[in-house]
Amino acid sequence: MRELVCIVCPRGCHMKADDDLNVSGNLCPRGAAYAKAELTHPTRVVTSTVRLTGGTYPRCPVKTSAPIPKDRVADLMAALNGVEAAAPVHVGDVLVKDILSTGADLVVTREITEA
Amino acid sequence: MYDLIVVGGGPAGLAAAVSAWDSGLRSILIVERDRELGGILNQCIHNGFGLTYFKEELTGPEYAHRFVELLGKTGVEVRTDTMVLDVTPDRKVHMTGPATGYRIEEARSVILAMGCRERTRGAIGTPGTRPAGVLTAGAAQRYVNVEGFMPGRRVVILGSGDIGLIMARRMTLEGARVLACVEVMPYSGGLTRNIVQCLEDFGIPLYLSHTVTDIRGDRRVEQVVVSRVDERRRPIPGTEMVFDCDTLLLSVGLIPETELNTRAGIELDPRTKGAVVYENMETSLPGVFTCGNVTHVHDLVDFVTQESQRAGAAAAKYVLGGAAAGEAIPLENGDAVSYTVPQRVRPGNVEKAVDVFFRVNRICGRSEIVVTAGERRLAAFKRDRLAPGEMEHITLPKALITGVTGAVTVSVKEAG
């Protein structure tokens, strides 16, 4: 029996999962899905920034378009050091497709105009 | 003369302005002191925003962008880089900025949406020397996410509010070592999900019932001393732990930024530190409304949006339909409840129901939220768990409060 707190939404359900991955304590199906994923192959959406040239700010915030395996988060952070964006950037711009072959794209999350 | 001037272009001001436009007002001005709209959301690059309102997981800048786009479809006028200095009781708004100079604009209604600021080291009286490297979690967030500076390499975080937890993860991802998160209360002030995904994911210890009792260092922080506290929050001698670090981040609470309220003579609530409000988010000054973190500090922007939409619609109703009338019932907090918003309800001005937001002052297990008028029990709501870090809300139908005389009390009774 494993106990875990759901991070899907701010409600933060306190859940229990047995060895056969039967989940209880979740108030919605997304909680059960999260618990199963967390106990078999945990994933996270990663948000960070990359270098931005020519913009009103020096950093451009980004996110992975989908959750990536938790054990690839450190690799991703290292890879971001080599990514550079140029202003102007728009919400949803794809900077890197299928980053580190995770299936997720690296996308811009803020509008930044040219300086 | 504007129909409405909104002070502040963060999530509260944006939602209020769009809602007032949708409710029929056509001459609306937003005044924002920053260079662009969006407020603090622009530096909150993590995700988790919008799950309630948009039913999807957005980052802070994305959430702000949604509302800036909505605003773009309206005729709302925006003045950025402009600071409001005064709002008078007859709704003259004094402002200054490089583009326009000093200006006085008149408005039929005003919405105060200035947000909140962080408590600092001075506010909590932490002892020790005064070296560089002690900063609020929000300041560190701005440095890292917007300016691209790392404020330190070995970090202790005092306070377990959400910004502190978020920064524990952020600093770790950027290569810093976060040694500890220290919380004086026996429970965290942050959301449970943030404890899990920001501390536990990275093996960062959370010390509950502990506080910082010394900061050491000459030019730069060199050590931070952490001690256990007793149930009266006094440090216990002999429990000191010394952390070698160069940075101390403070996440020790947020305070509504109410200087304009005070200057305008608006009644404040010492519990929320924001304005006392009626059911429609109107302050003690008729025609002046307030919403978002300047009214009471929220955990989730989604609720700021909803509250601000109500304020925007109410301002429109005031301008187009006249002042709200009727006797007001005071809402009082009973056992385990630390405040309610609104603090006063005019049943005659409630359309169908009134949403009441509140926080508990301790962790409660399986409980009943009980609403009473004198000895009479009006309603009860069941909850599995309530925590001070998570704002609660109940909905009181108009029929329930109509005809009530005297105060209505909201209290929490734990089962067993």
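Start by selecting B:V134 and B:L248: in this predicted model, B:V134 stands opposite B:L248, a residue of strand β17 in chain B.

Now widen the selection around that pair. B:V134 leads you to strand β10 of chain B, residues 134–136. Strand β10 runs parallel to β17(B), and 3 bridges join them.

Next, pick strand β11 of chain B, residues 154–158. This strand is also parallel to β17(B), with 4 bridges joining the two. For a landmark here, show B:L158, which stands opposite B:L250 in β17(B).

Stay with β17(B) and display the side chains of residues 247–250. Which way do they point? B:T247 and B:L249 point one way from the strand, while B:L248 and B:L250 point the other way. Whichever way you look, these residues are buried.

How many cavities of 30 Å³ or more does a search of the whole structure find? There is 1, and about 50 Å³ of space lies in the largest cavity.

Finally, colour the lining by class, and you will find 3 nonpolar, 3 polar and 2 charged residues.

Technical notes: Residues are numbered from 1 along each chain as its sequence is written. Chains are lettered from A and ligands numbered from 1 in the order in which they are written. This is a predicted model: local features need pLDDT of at least 70, side-chain atom pairs count only at pLDDT 80 or more; totals for chains, interfaces and linings use all residues. Side-chain values use heavy atoms; hydrogens and water are left out. Buried means under 20% relative accessible area, exposed over 50%, partly exposed in between (1.4 Å probe, protein chains only). Two strands pair if DSSP finds at least two bridges between them. On a 1 Å grid over the protein atoms alone, a cavity is a set of points where a 1.4 Å probe fits but cannot get out, and a pocket is an open set with protein on both sides within 12 Å along at least five of seven lines; lining residues have an atom within 4 Å of a point. Grid points are joined across faces, edges and corners, and a volume is the space filled by probe spheres set on the points. Ala, Val, Leu, Ile, Met, Phe, Trp, Tyr, Cys and Pro count as nonpolar, Asp, Glu, Lys and Arg as charged, and the others, Gly among them, as polar.
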